[in-house]
Amino acid sequence: MKAEVETESSLRGVACKLEELAAAWRQRPIAAAARDLRQRLEQNRFHLVVVGQFKRGKTTFLNALLGDALLPVAVLPLTSVVTVLRYGESPRATVHLQSGRLLAIGIERLHEFVTEPGNPRNGKQVAHVDVFYPSPLLAGGVALIDTPGVASVYEHNTQVTYDFLPKIDAAIFVTSPEPPLTSAEIEFLRDLAQQVSRVFFVMNKADLADPQQLAEVVEFARRSLPENLPADRSPIFALSARQALEAKRRGDAELLARSGLLEFEHRLGEFLKGERDEVFQRSVGRGLLSLAEELRMLLALQIQAARMPVEELRDKIARFNQHLAAAHQQREDNQVLLKAGIARLSAAFEAAAREFGESQIPSLTAEARQHFESLRGVRRRKLAAQMDRFLAQHIGQRFETWRRDFEEKALQDFRQVTGRFQEAVNELIRQARQTAGELFGLEMSPFEAEEELVWLEPTGYYTDSLLDWGLGNAPLLLPGGLFRRYLLRRILKAIPEELERNATRVAYDFKRRLQESVSAFQRAMDRHLEEAILGIQQAMQAALEQHEAGSAEADQLAARLSDALRELDAIRASACQAIPSLAC
Ligand SMILES: Nc1nc2c(ncn2[C@@H]2O[C@H](COP(=O)(O)OP(=O)(O)OP(=O)(O)O)[C@@H](O)[C@H]2O)c(=O)[nH]1
Ligand SMILES: [Mg+2]
């Protein structure tokens, strides 16, 4: 324990010095990030974050851990704002607005701020919400954090969660049997792997599958996990958050045992007692080191800028800016290509979907007739319901098989387009940093943007009920034979209509997913571009200002910067010493 306290205080020292140094050299984003890390160390605030695809039951799972239906849950994509559960004597909440303003609210008003219906598209501009609650689980600085589900139609929700990834110490990834682990989830796990030191897995909604199915989906998920994931050594926890919550609320020990939550709680308890401090410190240490590296590069650049004659510096800044302008132009050109790629692919998909729908009319009609004939002697309402199910199932299945096949091939092509775009952005970043490096005679650390196209899942298919045809229940009053004739006519008419409707629907859905995936990808690329270049501009500008203040000032600046660099090296060394496992 003593060693951990020492590590903690030396890391705090590192964060403090880094913050001061970055602030002194006006590298504000680095200073702010270092301050954030320092505050977390001081409060020993461990961020245990629940993440996953929308609707897997993340919020329900948190409620189950607390044993109280505290946070709002729903059937539709819901959580839209990061919600931080922290220890408090009595339940209450504080809304942090993006403007910096705080709003104290009662728990019963949470849905007005953290949910999609209560706060559509985060129109209320909430940064995050702190919820205080008297749970022993939260005592001792653990913050349990609920995030919006990724890959839903609300793309802004995915972004909120992605932006939060760097602040995660350990993650609980929640999935569920239906549908089994999706490609969007695997992509998300890849991104997660780069940011966190420990990931726990929960297969929620275990109550929806029988033991055999459950074992299969768990095994499938286990095999699909990305290799570089810092997974917890424990197995995937299959549990039912819904049953667990109900059991805790009713005080039903038998149901609680059956829910599977106890095994997870046990492992979590072990982790919090044993490994939490180490994971926490490694996570903070890693963050500090990467901030230090970026700052080192910017300071070195500024030294060079301060040492060179002012005319030369002006010239170099102008050349760098020219280079950037050209790079931005190139980015615009690439974007046009990307847009054209989307349009081409959507049009091809739409035409193919329509054609596929039409091609299915004869065989589906024949099968429907056959099925209809096999249902002799079935009562009216049941007959209609069975035919409804038949059509819904067959249309859904046919489109689904076709869609998967078509989409897989189409996406391969498209990944090449986004891949090229990513390469182009990386090339721009490389060139900009290289230009800065050459202009100032420096080795710049590489900055590779990597972002996969995260592909959203389709929303599904639907068909209208055969009786739902404007006549209400009237046809059910027809005599048996007449009813069958009526229903058959209705089926034959419905088949081409439903096929066409679903063709349009599947094409529209494809286009929507394509557009949303691409714009999330583009936003990520722009952010990378900005991050990689902003600090450089800032460093050059600061040196120029000193030059303009006079050459003596510039000399002094260079000397002070050299001191700062030495200081930074010492800071890095103490971070590495504090945490040997960082292997630096
Ligand atoms: N059968 C079953 N349903 C569950 C379970 N856990 C959650 N659900 C249901 O799944 C739906 C989604 O639950 P939420 O907790 O809102 O899911 P979420 O992952 O937080 O959703 P987003 O915030 O939209 O990403 C709700 O209808 C829950 O009642 C479970 O263990 N079993
Ligand atoms: Mg939720």
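Helices (H or I, at least four residues) and strands (E, at least two) are DSSP runs, numbered from the N terminus. Keep that in mind as you select Pro179, which sits in the loop between strand 7 (170-175) and helix 6 (183-193). A cis peptide bond joins Glu178 to Pro179, with omega at about -10 degrees.

**Before going on**

You are looking at a predicted model, in which local features need pLDDT of at least 70, side-chain atom pairs count only at pLDDT 80 or more, and totals for chains, interfaces and linings use all residues. Residues are numbered from 1 along each chain as its sequence is written, while chains are lettered from A and ligands numbered from 1 in the order in which they are written.

**The whole chain**

Zoom out to the protein chain, which has 16 helices and nine strands. Its C-alpha atoms fill a box of roughly 105 × 60 × 40 Å, taken along the principal axes. Of its 584 residues, 39% count as buried. Here a residue is buried if 20 or more other C-beta atoms lie within 10 Å of its own, exposed if 12 or fewer, and partly exposed in between, with C-beta atoms placed from the backbone.

Next, select Asn122 and Gln125. Asn122 lies in the loop between helix 4 (111-114) and strand 5 (126-133), and Gln125 is in the loop between helix 4 and strand 5 as well. Phi is positive in both, near 50 degrees for Asn122 and near 55 degrees for Gln125. Asn122 is partly exposed because 19 other C-beta atoms are within 10 Å, whereas Gln125 is exposed because it has 10.

**Around ligand 1**

Now centre on ligand 1. A shell of 22 residues surrounds it, the closest being Gly57, Thr59, Thr60, Thr79 and Gly149; a residue is near a molecule if its C-beta atom, placed from the backbone, lies within 6 Å of it. Helix 3 (58-66) and helix 8 (241-250) each supply at least two residues of this shell, and helix 3 gives the most, with three.

Stay with helix 8. Seven of its ten residues are buried, so helix 8 is largely enclosed by the rest of the structure. Among the buried ones are Ala241, Leu245 and Lys248. The buried residues of helix 8 pack against helix 3, helix 9 (253-259) and helix 10 (261-274), where contact means C-beta atoms, placed from the backbone, within 7 Å. Just after helix 8, Gly251 takes a positive phi of about 70 degrees.

**The largest nonpolar core**

Select Leu18, Ala34, Val202 and Leu288: of the 145 residues in the largest nonpolar core, these touch the most other members. Such a core is a set of buried Ala, Val, Leu, Ile, Met, Phe, Trp, Tyr and Cys residues joined through C-beta atoms within 7 Å. Leu18 touches residues including Ala34, Leu288 and Ile571. Helix 15 (residues 480-549) gives the most to this core, with 20 residues.

**Along helix 15**

Where does helix 15 meet helix 5? Show Glu155, Thr158 and Gln159 in helix 5, which meet Glu516, Ser519, Ala520 and Arg523 in helix 15.

For a last stop, pick Leu478, in the loop between helix 14 (380-440) and helix 15. Leu478 is partly exposed because it has 14 C-beta neighbours inside 10 Å. Leu478 touches Phe483 and Tyr486, leaving out residues up to four places away in sequence. Leu478 and Arg380 are 98 residues apart in sequence and 9.3 Å apart in space, C-alpha to C-alpha.

Conventions:
Two residues are in contact if their C-beta atoms, placed from the backbone, lie within 7 Å.
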